[in-house]
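Student: Could you walk me through this structure with some questions and answers? I am new to it and would like to build a picture step by step.

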Amino acid sequence: MQDPLSKLRIEDLTTSNEAMARCFQLATLAATSDVPVVLLGETGTGKTLLAHAIHNSSARAGRPFIAFNASALSDTLLESQLFGHERGAFTGAQQSIKGKFELANGGTLLLDEISEMSPLAQVKILRVLEYGEFERLGSERMLTSNARIICASNCSLRERVQQGKFREDLYQRLSGLTLLIPALRERLEELPALIATELKAASSKEGKNITAIHPKAMEKLLHHDWRGNLRELNHTVRTMTLFCNGSVILPEHVVFPPDLPAPERALLENGKFVPAFVSNSNEANDATKDFSLETALKQHVRIVYEQANHNQRRTAKLLGISRSTLARYLREAVPN
Ligand SMILES: Nc1ncnc2c1ncn2[C@@H]1O[C@H](COP(=O)(O)OP(=O)(O)OP(=O)(O)O)[C@@H](O)[C@H]1O
Ligand SMILES: [Mg+2]
């Protein structure tokens, strides 16, 4: 079966949430150029999906989309995965293989969980990005790759740089455009539409004729914290479809996964991911979300500041305000 992501384009994605719409706008912009892109968002928010959409909407559509996750590889395996190897390059290398950079030539390379990459991986990637050249393990022949780089991370790369865990020079190279994908609990207004789409698909797949959701069931869905984001939502909708034998989803059909996978839960509970556009996490979890203009203004300042790579002059220009006004906003909007 063909991977549904292989054809997905940015214009196929719809949203009623402003921050998400901003994200799609930036994604559209990213698709018109080869500028490196960083996708930031909690697990399950749709980083991989958006990376595919950017690729498919770009001039590189039709060329390979290669995803690479280097977080759990030994150093030899990592080099061989990134750059390929010749037969006999190391024990067990029975045939030569192409690396991800070579495979992604002309296309897009998604570097997933980039913040978890080892220091060695960071150096190796930086070298290719700087010189555009690399060699397979066991070969001296220089190869080139013009792969467009998209990185995904569920924690702030800037914080990792500040903690000394991520190279500043690599961070600078990678962060052309930074897209912050909001967590699902920050865009609850989207829930009904997202549920309707997934329910229709799941219902037809299971051969059921589900036509409505009981208000109490919807209330249950709206009050859930959705720490697993879209992944958890889709899973929940599929489960409730299975439980429902009539035409209406009832509250008892809405069952949440007892636990998220342990690493994801740990990541969120350690507060490793703090979305830049939420001033504090209680605000995000609170059903009485703050819709005041003042909060919206602070969020906007933070987003633009992030997009401008923390360059205050550019941020002020983009916002159309003086640098002293910006400095005042930043003191309030981006607490240190
Ligand atoms: N806008 C969307 N509409 C419907 N489904 C979505 C949307 N965004 C993501 N999904 C679905 O949610 C699931 C998680 O998405 P994805 O894998 O892109 O998240 P991720 O941010 O890359 O997660 P991780 O950090 O774990 O890699 C996928 O099944 C994807 O198809
Ligand atoms: Mg992903």
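Student: From which domains does the shell around ligand 1 draw at least three residues each?
Tutor: Before we start, this is a predicted model, in which local features need pLDDT of at least 70 and side-chain atom pairs count only at pLDDT 80 or more, while totals for chains, interfaces and linings use all residues. Residues are numbered from 1 along each chain as its sequence is written, and chains are lettered from A and ligands numbered from 1 in the order in which they are written. Domain bounds come from an automatic or database domain assignment. With those bounds, the shell takes at least three residues from each of domain 1 (4-180) and domain 2 (188-257).

Student: Which residues are closest to ligand 1?
Tutor: A residue is near a molecule or strand if its C-beta atom, placed from the backbone, lies within 6 Å of it. There are 15 residues surrounding ligand 1. The closest are Gly46, Lys47, Thr48, Leu49 and Leu230.

Student: Which helices each supply at least two residues of that shell around ligand 1?
Tutor: Helices (H or I, at least four residues) and strands (E, at least two) are DSSP runs, numbered from the N terminus. At least two shell residues each come from helix 2 (47-57) and helix 10 (229-243).

Student: How many residues of each class does the shell around ligand 1 have?
Tutor: Ala, Val, Leu, Ile, Met, Phe, Trp, Tyr, Cys and Pro count as nonpolar, Asp, Glu, Lys and Arg as charged, and the others, Gly among them, as polar. Sorted this way, the shell has five nonpolar, eight polar and two charged residues.

Student: Why is helix 2 largely enclosed by the rest of the structure?
Tutor: A residue is buried if 20 or more other C-beta atoms lie within 10 Å of its own, exposed if 12 or fewer, and partly exposed in between, with C-beta atoms placed from the backbone. Among the buried residues of helix 2 are Lys47, Leu50 and Ile54. Helix 2 is largely enclosed because its buried residues number nine of the eleven.

Student: What covers the buried residues of helix 2?
Tutor: Two residues are in contact if their C-beta atoms, placed from the backbone, lie within 7 Å. The cover includes helix 1 (18-31), strand 1 (37-40), strand 2 (65-69), strand 5 (108-112) and strand 8 (148-153).

Student: With which residues is Leu50 in contact, leaving aside its neighbours within four places in sequence?
Tutor: Leu50 sits in helix 2 and counts as buried, because it has 25 C-beta neighbours inside 10 Å. From Leu50 to Phe24 the C-alpha distance is 8.6 Å, though they are 26 residues apart in sequence. The contacts of Leu50 are Ala27, Leu39 and Ile181.

Student: What is the order of the strands in the open sheet of five strands?
Tutor: Two strands pair if DSSP finds at least two bridges between them. In this open sheet the pairing is parallel, and the order is 2-5-8-1-9.

Student: Which strands stand at the edges, each with a single partner strand?
Tutor: A strand with a single partner has one side left without a neighbour in the sheet, so the edges are strand 2 and strand 9 (177-180).

Student: What angle does the direction of helix 2 make with that of strand 8?
Tutor: Axes are lines fitted to C-alpha atoms, for helices over the stretch in contact, and angles run from 0 to 180 degrees between N-to-C directions. The twist of the sheet averages 20 degrees from one strand to the next. Helix 2 packs on the sheet, touching strand 1, strand 2, strand 5 and strand 8, and its angle with strand 8 is about 165 degrees.

Student: In strand 1, which residue stands opposite Leu179 in strand 9?
Tutor: Strand 1 runs parallel to strand 9, and four bridges join them. Both faces of strand 1 are covered, with Val37 and Leu39 buried on one side and Val38 and Leu40 on the other. The residue opposite Leu179 is Leu39.

Student: In strand 8, what is the bridge partner of Val38?
Tutor: Strand 1 and strand 8 run parallel and are joined by four bridges. The partner of Val38 there is Cys151.

Student: What is the phi of Trp226, which is not a glycine?
Tutor: Trp226 is in the loop between helix 9 (215-222) and helix 10. Trp226 counts as buried because 25 C-beta neighbours are inside 10 Å. Its phi is positive, about 50 degrees.
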